[in-house]
Amino acid sequence: MNDFNYILPQNINEALNSISKGAVSLAGGTDILGMMKNNLMAPKNILNLKTIPELKGIVTTNDGLKIGALTKLSEIAEDKLIIQKFNILSQAAKSVASPQIRNVGTIGGNILQRPRCWYFRGEYNCLKKGGDYCYAEVGENKYHAIIGGDPCYIVHPSDVAVALLALDATLSIVSKKGSREVKIKDFFIRPEEDVTKENILTSDEIVTTINIPHLEKNTQSEFYKFSERGVWDFAVVSVGAVIQKVSGKIKAGKLTFGGVAPIPWMDKDLNKKLSGLSLDEKSITTFSKDVFKNAEPLEFNEYKVKLAQGLVIELLSRFV
């Protein structure tokens, strides 16, 4: 690991001054340090955002919930209001890695983490590192994308992003040029748009808050994650659901998925079919057959289609 300068800003303006000069932002540090150890980056200046108080905390507003980007995952998992009103987010945060990592990792850092593909993290000059080839396409692709992957078959590693997509969250982003609000559904970038990036954030910008609107009356939310190990592991497939239920039927709903695509995934056509769905075993099972019916799995990951369908049955059954 190379030597670097460690910068401790006291406010947003100090941070923006440093980042505009090329400093790399540090949130919880659980990803950036791994990237440095894997020789994927060698920053000369690291900007520790944890020293900025206004980037932390959970606040109720007239519009919904405002969460500082540097709020720890453990705080989100344990917050009583989030558990009561936005349970999907609490469950997603609680599913991340181990208690030790959740006590360090932040919601902003979790959203912005880089892919965990072993070809990207390993000694391979893959597409994402400027090469000419995605090794996962014909290589060991058990954990890679089954949809939306071409030409790079990474899967997005964030659990909380799946929940925030289902909650229709908005990110507040600042730079020295000003501020902007971006819907999380518009934040992530597919490889076909730019294979070198996973999101629209520019090098001189900082995510400051995550904003979640109030849910409609009679709306519940759930998150379910399947991983091969109980802790420390990323999702093989995860599913988030926000369901508005009236008289045993879904009035409106949204399903989102992790572990299946280079971005947190949502199928608008599938979600339209949720409207009017009866919450009984037969109807839920029939609906699940439409989950990823248009997927294009690779040689070793076709099992993810059936797994996703099974997780949808499990998740929707919780709303019965």
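In which helix does Arg-121 lie? Arg-121 lies in helix H8, residues 118-121; helices (H or I, at least four residues) and strands (E, at least two) are DSSP runs numbered from the N terminus. The model is predicted, so local features need pLDDT of at least 70 and side-chain atom pairs pLDDT 80 or more, while totals for chains, interfaces and linings use all residues. Residues are numbered from 1 along each chain as its sequence is written, and side-chain values use heavy atoms, without hydrogens or water.

Arg-121 is buried, at a relative accessible area of 11%. Buried means under 20% (1.4 Å probe, protein chains only). A polar atom of the Arg-121 side chain lies 3.2 Å from the backbone oxygen of Arg-114. Beyond four places in sequence, Arg-121 touches residues including Asp-31, Met-35, Asn-38 and Arg-114; contact means heavy atoms within 4.5 Å.

Helix H1 spans residues 12-19, and its buried residues are Ile-12, Ala-15, Leu-16, Ser-18 and Ile-19. They cover an arc of only 160° around the axis, which puts them on the same side of H1. The arc is that of the directions from the helix axis to the C-beta atoms. Their cover includes strands E1 (5-7), E2 (24-26) and E8 (206-213).

The largest nonpolar core has 81 residues. Such a core is a set of buried Ala, Val, Leu, Ile, Met, Phe, Trp, Tyr and Cys residues joined through side-chain atoms within 4.5 Å. Leu-89, Phe-257 and Leu-316 are among those with the most contacts inside it. Apart from it lies another core, of 15 residues, among them Met-35 and Phe-120.

Key. Buried means under 20% relative accessible area, exposed over 50%, partly exposed in between (1.4 Å probe, protein chains only). A polar contact is a pair of N or O atoms within 3.5 Å; within protein, one must be able to donate a hydrogen and the other to accept it, and residues adjacent in sequence count only if both atoms are side-chain atoms.
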